[in-house]
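Here's a quick briefing to read alongside the model. Have the viewer open and follow along.

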Amino acid sequence: MTRRIATIVLLAGMLALAGCSRPQPPTGKWEGGYDRNGTIVVARVEVLPNGLVKVTAPDITNAFVDDAMRARLRDRLEADLVHAWDEVKPRPFDFDGKTFRKPGGVAPQMEWDKDSGQMTLKLYIGANPALPIVLRPVDYFHDSPWGTG
């Protein structure tokens, strides 16, 4: 009887530990852009199999310009994104199954929607609230993160 109780307690402990294990972040690549209200952002995120994350999001603010200048600014940001990507260092994030945060941090940095596969980058520019940059999953990164349709 004592052995049976010990086995039950051991199994219950193992189940409790398994329930407390940290969720694994989704591995993959996401990219996208934002161009509204004078702010232009291009972004890439890659979650590596070891759980580290590469993320970059060059931006321009106060871009209240004509269409020709806006196109040039977007082209410049795209080039910056492509050329700097190899220099982006992977870094750790805390992940709770939905939200990525800097280690020990409170502010959400990214949100993962498991059902749609969509990643939303939370970009903090100045003292403004987080700007959500919706990213789409991709098999490989493109020269332009804007996508089609």
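β2 and β3 make a hairpin with 5 residues between them, and Gly 51 in the turn has a positive phi of about 90°. Strands here are DSSP E runs of at least two residues, helices are H or I runs of at least four, and both are numbered from the N terminus. This is a predicted model, where local features need pLDDT of at least 70, side-chain atom pairs count only at pLDDT 80 or more, and totals for chains, interfaces and linings use all residues. Residues are numbered from 1 along each chain as its sequence is written, and side-chain values use heavy atoms, leaving out hydrogens and water.

**The hairpin**
- Strands β2 (residues 39-47) and β3 (residues 53-56) run antiparallel, joined by 4 bridges; pairing takes at least two DSSP bridges.
- Arg 44 sits opposite Thr 56 in β3.

**Around Val 82**
- Val 82 belongs to helix α2 (residues 67-84).
- Leaving aside residues up to four places away in sequence, Val 82 touches Arg 44, His 142 and Asp 143, a contact being heavy atoms within 4.5 Å.
- Val 82 and Ser 144 lie 62 residues apart in sequence, yet 8.4 Å apart in space, C-alpha to C-alpha.

**Whole chain**
- There are 2 helices and 9 strands, in the order α-β-β-β-β-α-β-β-β-β-β along the sequence.
- Of the contacts with a separation of 6 or more, 49% come from residues 24 or more positions apart.

**Confidence**
- Mean pLDDT (the predictor's confidence in each residue, from 0 to 100) is 88 for the chain, and 85% of residues reach 70 or more.
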